[in-house]
Amino acid sequence: MASNGDEREEDVKMEECKETAVYMWGYLPGVSPEKSPIFSPVQVPFPASSIHGGDSWKDVCGGGCGFAMAISVAYVLENVELGSGKLITWGSTEDEGQSYTTSGKHGEIPEPFPLPHEASVVKVAAGWAHCVSVTVTGEVYTWGWKECVPSVKSIRESAAAGSFQKDNNGKQSALPTEQASPRSQGSSSNGGAVSQSDKKAGEEVNKKRKVSAVKEEFENLSSGDDFFTVSPSLVTLGPGVRITNVAAGGRHTLALSDMGQVWGWGYGGEGQLGLGSRIKMVSSPHLIPCFDTSTAGKDWSLIVPQGSLNSSAQASKFPGSYVKEIACGGRHSAVVTDAGALFTFGWGLYGQCGQGSTNDQLRPTCIPTLSSIQVESVAAGLWHTVCITANRRVYAFGGNQFGQLGNGADQDETRPTLLDAPSLESKRAKMVSCGARHSAILTEDGQVYSWGWNKYGQLGLGDSIDRNIPSRVPIEGCQPKNVECGWWHTLLLAETTV
């Protein structure tokens with residue numbers, strides 16, 4: 001039998017033999033000359049230019065439309081980090097539109113994406129065609145669509161006067177006339193109801209119109225150098241503000257500070273910036289009022305709609321004093337408080353705000369049906385939202401056209417629905433991420449499950465068949481550590497033994 005000293009030496013040797021790896025699947029057009037989708041997990045080669053003194057993958061960050069993002073870092077013995085965190089990008093191609101090269105013209109081979117002053121990166125997020133990063137000092141850099149970059153004046157501001165829209169403050173916003181906000185059936189700044197006189201047929205016609213408007217808008221904006229800035233710009237926030245996390249939506253951005261405050265900028269036409277209005281463009285970061293201080297400490301049952309809470313929830317106080325998690329969907333946002341309350345705001349057409357209606361939410365609004373449940377984390381897709389609770393269960397709501405809610409159906413859900421699929425029986429979810437129309441979770445026992453749209457193999461199941469229930473992604477020979485979805489692809493950070 002080995003002595004304790006021998007056992008410790010063996011443990012160190014085992015630790016030294018482990019290394020991190022990144023796997024990818026889905027649509028990254030620059031990875032192969034044929035631009036073929038990747039239907040099963042494939043290991044990503046580590047950048048040759050970064051191999052020195054033990055450089056390694058540190059984290060995966062999903063990516064946007066047609067490009068992937070991760071972070072690398074140098075290590076010394078015993079996994080003590082040395083040097084700066086580098087942003088690594090790949091998968092883009094020049095002939096698929098400007099949005100595909102938002103993170104640099106890095107195709108098959110991952111390459112570092114340079115930030116000013118060689119800033120050390122700790123967090124990165126990407127929307128459809130803009131990126132945002134956080135440095136180790138709490139600074140924020142962003143690039144991509146100019147309207148998503150606060151320090152860059154949008155090209156549309158020099159357009160003819162007839163192309164301007166007016167926001168609620170009377171200021172001109174840089175939106176062409178064809179990009180007027182596709183408003184939902186109703187809106188609510190505090191959960192208000194809308195008229196019930198509209199017939200269902202009319203609602204369906206209006207929904208199709210709105211969806212078509214959104215699709216046309218993305219297509220119109222997906223090309224053209226005049227609309228993009230490829231050079232990262234420093235975002236100016238308030239004095240002493242230190243950012244710890246960021247989230248990127250279709251055309252808006254959220255940033256979370258170390259004090260639990262949320263800042264937002266970009267497009268806000270459906271309330272996704274939580275400012276209580278349909279302001280089209282917020283060209284500089286604004287503090288989002290996630291908490292109404294006048295209600296702090298009051299009985300929560302007096303704040304949310306009556307009849308929506310059970311007795312235990314009705315006795316609870318105002319849910320939280322700071323925000324600990326943020327997420328951006330296509331046109332909606334979600335935040336989780338320190339008390340485990342989930343707030344949503346923005347576009348509600350598919351029920352992605354979870355308020356029991358298809359109303360837009362113009363202010364952060366707590367989801368009443370989850371008020372007695374503590375939420376740990378949240379992710380948002382184009383039209384859907386998924387969250388993990390403190391007891392490691394998964395809830396989903398919103399659009400379900402491709403099974404992205406994972407509940408075995410294809411109907412939209414306007415309230416959170418528990419995923420009770422047999423495949424998740426006895427499983428405890430640890431991490432969640434959403435792509436445009438697909439979802440993925442990592443369980444505590446190191447398994448990855450995915451569901452939803454699978455046209456480009458973004459589920460990693462070896463085919464292009466959609467799934468409406470969670471299906472286990474076959475990954476052998478590694479221990480998954482993090483999973484992140486891009487719009488049409490998925491990345492996995494794992495630990496391997498060599």
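Okay, D360 first: this residue is buried, with a relative accessible area of 0%. By buried I mean under 20% relative accessible area, with exposed over 50% and partly exposed in between, using a 1.4 Å probe and protein chains only. Bear in mind that we're looking at a predicted model, where local features need pLDDT of at least 70, side-chain atom pairs count only at pLDDT 80 or more, and totals for chains, interfaces and linings use all residues. Residues are numbered from 1 along each chain as its sequence is written, and side-chain values use heavy atoms, with hydrogens and water left out.

So what does D360 pair with? Its side chain meets that of R278 in a salt bridge, 2.9 Å from N to O. D360 lies in strand β21, residues 360-366, while R278 is in the loop between β16 (262-267) and β17 (281-287), so the pair ties together parts that are 82 residues apart in sequence. R278 is buried too, at 7% relative accessible area. For the record, a salt bridge here is a side-chain nitrogen of Lys or Arg within 4 Å of a carboxyl oxygen of Asp or Glu. And strands, like helices, are DSSP runs numbered from the N terminus: E, at least two residues, for strands, and H or I, at least four, for helices.

Next pair: D445 and K427, whose closest N and O atoms are 2.6 Å apart. This one links distant parts of the chain, 18 residues apart, with D445 in the loop between β27 (438-443) and β28 (448-452), and K427 in the loop between β25 (413-418) and β26 (429-434). D445 is partly exposed, with a relative accessible area of 43%.

How many salt bridges are there by this rule? The count comes to eight. Among them is R467 with D463, closest N and O atoms 2.9 Å apart. There's also a network of salt bridges linking R392, R428 and E444.

What about disulfides, meaning a pair of cysteine sulfur atoms within 2.5 Å? A search of the whole structure finds zero. As for individual cysteines, C328 is buried at 8% relative accessible area, and C353 is buried at 2%.

Zooming out, the protein chain has three helices and 31 strands. Of its 498 residues, 56% count as buried. Take contacts, meaning heavy atoms within 4.5 Å: among those between residues at least 6 apart in sequence, 55% join residues at least 24 apart. That's the tour.

Key:
A disulfide is a pair of cysteine sulfur atoms within 2.5 Å.
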